[in-house]
Amino acid sequence: MSLEAISKKRIKELLESLGEGYKLVAPAWEDGKLVFKEIKNMDEMVISHELPYKSPKEFLFPQLERMMCFDTTGGVTVEDQSEKTIVFGVKPCDLEALKVLKAVLAQGKFHDAWFVTRMEKTIFIGMGCSSEKPGCFCAQRGINRKYSSTCDVFLRDMGDHYKVEIITDKGRSLFNGLDLKKFKFEEVSYPENMAQSSRPTDETPRLLEIDAEENVVFNQVDWDRIAERCLGCGICTYLCPTCHCFAFKDVKEKDLSVRYRVWDSCMYPKFTLHASGHNPRSTKKERFRQRVMHKYVYIKQNQGYTACTGCGRCIRSCPAGMNIKTVVSEIMEVLDE
Amino acid sequence: MNNSYVPVKAEIIEVIQETSSDVDIKTFKIKLVDDEKMDFLPGQFVELSIPGVGEAPFGFASSPLERNFFELSIKKTGLVTEAVHNLWAGATVWIRGPFGNSFPMEEMEGSNILLIAGGLGLAPLRPLILYMLDESNRDKYGSIQMLLAARSSRDFIYTRDFDQWKEVKNTDIILTIDNPEEGWKGRVGYPHIIVSEMEFDVNNTYAVLCGPPIMIKFVSAKLVELGFPENRIFTTLEMRMTCGVGKCGKCNIGHRYVCIDGPVFNMAQLSQMPDEY
C-alpha cells in the first residue's frame with residue numbers, strides 16, 4: 001500500500017473521499033456527551049483521544065431493530081436496515097469488544113443474521129488512546145490502548161501525521177481507486193516491527209482474570225454484600241461494549257405485526273421471570289452475580305474471551321458507585337486465599 | 001445463511017382438550033405449510049409465534065416418527081399461551097426449530113427404562129415413549145416402566161394413549177394421585193414414595209424424569225439413594241428464553257445454556273451446575 005502517512009490536517013478530507021456510498025459514523029458531541037453518531041457535516045466530527053461516552057456497539061447491534069413483519073395475507077418479510085458504514089475513531093478497548101460480539105453472535109452452530117449482515121457491511125477505522133480516563137482499566141485487562149489490529153484500518157498517531165495501517169482486505173478496498181497524493185504527508189520512514197515496539201513498556205499491573213471453576217466463584221464470594229448497593233437500573237449493561245442480551249417484542253402497526261429486537265438486561269427482574277411466576281434470579285444478588293460471572297467466567301469458558309475490556313463506562317455511569325474492577329479484584333483475593 | 005430467528009408458517013389442524021379438571025391444558029396438532037416435514041428428536045423443542053403477541057418455547061409432545069405433523073401440549077399460563085388457547089383448527093401459527101439436544105436414545109438401547117412424569121411433565125416424555133414403543137424400536141429396549149403422577153384423577157394428560165401403551169409387550173404403567181378418591185384403582189402418594197416400592201435393576205436401567213421442580217428434586221434424590229448412577233438419570237429443564245439458539249443470554253445455568261446445551265441433562269451434569277442459576 002502506498003499510503004503510509006497522512007497529514008492530520010487532511011484527515012477529514014480523506015474521510016469525505018472514502019465515505020462515498022458509506023454512512024460515516026464517528027465521535028461527535030450530543031447533549032454534552034461525546035458519542036458515536038452519524039456524521040452529516042464533517043465539522044461535527046471530533047478527532048481526539050477521548051473515549052466516547054457510548055461504544056459503537058449500537059451500529060452493529062441497534063438498541064431497537066426491526067427484524068420482520070407479519071402481514072394479514074399470512075406472509076413474513078425479513079427486514080434489513082443495514083447500510084454500508086464506516087465507523088471511525090474506535091479505540092482499542094471498543095475494538096476488543098468486537099471479538100466478544102462476533103464470538104457469541106456470529107460463531108457456533110447458529111448465527112445472528114442481522115448482526116452478521118451489519119458486521120459484513122461495516123468498516124472499522126481504529127485509533128489509539130493517549131490516556132486513561134478515571135475508571136479505565138484496559139491495561140489490567142491486557143489491552144494495549146495505543147494499538148489494536150481488531151479493525152480494518154488503524155491510524156497510528158505520529159504527532160503531526162497518522163501512520164495508516166491497513167489490516168484487512170475490506171480496509172484495503174476502501175482506498176482502492178482513490179487519488180491519495182493530496183492526502184500524503186511528506187515521506188517518512190518507520191522502524192521495522194513497529195507493532196511490537198509500541199507495546200506499553202511500563203510495568204503492567206496484575207491482569208484482572210478469573211481462572212477458578214464456576215461453582216467456586218458462585219459459592220465462595222459474598223455476593224450479597226457485593227450487590228448491596230446496586231439499584232438494578234441496568235445502565236452498566238446498556239453502556240457495556242460487550243453486553244448483547246436481547247428480547248423480541250411484537251408491535252402492531254396498522255395491518256402489520258412487527259417483530260423488533262430490543263436490548264434486554266440481566267439486571268432486570270423480568271429478564272428471567274417464567275410465565276409460571278417462578279424467577280431463578282429473583283434478587284439483585286443473583287442478578288449482579290450473573291452479570292459479573294457471565295463476563296468473567298461463562299463467556300470465557302464458552303468463547304475463550306473475558307467479556308470485559310476495561311473501558312470503565314459501567315464504573316463512570318453507575319449512580320450507586322458499583323465498580324466491576326474492585327469486585328473482580330476482590331474475587332481474585334478471595335480465590336487466592 | 002439459514003436465518004434461525006425467522007419462523008415458518010404452520011397451521012393448527014386439531015385442538016384436543018387434555019384434562020377434565022379446571023387445569024387449562026390443550027394439545028395442538030400442527031402441520032407446516034406446503035407439507036414441509038418436521039424432523040426432530042425426542043426432547044427437542046420449537047419456538048411458536050403468534051404475530052403481534054410474541055413467541056415462546058414448547059417441547060414436542062408427539063412421535064418423532066410422524067413427520068407430517070407434530071403436537072405441542074400447552075398450559076394457559078402467560079400471554080402467548082393464552083393467545084394460542086384462543087385459536088382453533090385452521091388457524092395460522094409460526095414455528096421455528098427444532099432446537100436443543102435430545103434424550104440419549106442410542107445410549108439407552110439395550111437397557112431397561114423407568115419413566116417418571118408429573119402432570120404436564122409427561123408432555124416432553126411422550127415423543128420418547130412413542131418412539132420406544134413403536135414396533136420398529138421396541139426390541140431395542142428392555143422393560144419399560146412408567147410411573148405417571150397427577151394431582152387428581154382428572155389431571156392426567158394423554159389418558160387416551162394409556163390402554164395402547166399397556167398393550168405393548170414388557171411395558172407397564174403405574175398411575176398415582178396425591179390424595180385418595182372414591183373409585184380410584186391406581187396408587188395414591190407422591191412419586192418419590194411410590195418409586196421406592198417399585199422393582200428395577202439399578203445397574204441396567206435408565207431413569208427419565210419430568211415434572212414440577214420439587215418432584216424432580218425428591219425423585220432424583222430417591223433414585224440416587226436407591227443406587228442409580230447419576231449419569232443414568234435424565235431430566236429436561238425449562239427456562240425463559242428469547243432466541244432458542246444461544247445468543248440472547250437468558251437461559252444459562254452457569255456456563256451452560258438450556259437452549260443449546262440442553263434442555264436434556266443428566267443428574268451428573270446438573271449436580272455440577274450452580275444451584276440458583
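Buried means under 20% relative accessible area, exposed means over 50%, and partly exposed is what lies in between, with a 1.4 Å probe and protein chains only. I started from B:Asn112, which counts as buried because its relative accessibility is 17%.

I noted that this is a predicted model, in which local features need pLDDT of at least 70 and side-chain atom pairs count only at pLDDT 80 or more, while totals for chains, interfaces and linings use all residues. Residues are numbered from 1 along each chain as its sequence is written, chains are lettered from A and ligands numbered from 1 in the order in which they are written, and side-chain values use heavy atoms, with hydrogens and water left out.

**Entry on B:Asn112.** I placed B:Asn112 in strand E7 (residues 112-118) of chain B; helices (H or I, at least four residues) and strands (E, at least two) are DSSP runs numbered from the N terminus. I then looked at B:Ile144, 32 residues away along the chain, and found its C-alpha atom 6.0 Å from that of B:Asn112.

For A:Cys136 the nearest cysteine sulfur belongs to A:Cys138 and is 6.0 Å away, and A:Cys136 counts as buried because its relative accessibility is 12%. For A:Cys318, also in no disulfide, the nearest cysteine sulfur is that of A:Cys233, at 6.1 Å.

**Entry on aromatic rings.** I took rings of Phe, Tyr and Trp (its six-membered ring) as paired if their centres lie within 6.5 Å, with planes under 30 degrees apart counted as stacked, over 60 as edge-to-face and the rest as tilted. There are 18 aromatic pairs over all chains. One of them joins B:Phe162 and B:Trp165, whose ring centres are 5.8 Å apart and whose planes stand at 45°, so the pair is tilted. Both residues are buried, and B:Phe162 and B:Trp165 lie three residues apart in helix H3 (residues 159-167) of chain B, about one turn of the helix. I also noted one aromatic cluster formed by A:Phe61, A:Trp114, A:Tyr238, A:Phe246, A:Phe248, A:Trp263 and B:Tyr5.

**Entry on helix pairs.** I read axes as lines fitted to C-alpha atoms, for helices over the stretch in contact, with angles from 0 to 180 degrees between N-to-C directions. Angles under 35 degrees count as roughly parallel, over 145 as roughly antiparallel, 65 to 115 as roughly perpendicular and the rest as oblique. In chain A, helix H2 (residues 92-105) and helix H3 (residues 113-121) pack at about 135° with their axes 10 Å apart, which means that H2(A) is oblique to H3(A). In chain B, the axes of helix H2 (residues 126-133) and H3(B) come within 12 Å and cross at roughly 30°, and H2(B) and H3(B) are therefore roughly parallel.

**Entry on the backbone.** I found a cis peptide bond from B:Gly97 to B:Pro98, with omega near 5°, and B:Pro98 is in strand E6 (residues 92-99) of chain B. Another cis peptide bond joins B:Gly262 and B:Pro263, with omega about 10°. I then looked at A:Asp31, which has a positive phi of about 50° although it is not a glycine. A:Asp31 lies in the loop between strand E2 (23-30) and strand E3 (33-38) of chain A, and counts as exposed because its relative accessibility is 76%.

Key
A disulfide is a pair of cysteine sulfur atoms within 2.5 Å.
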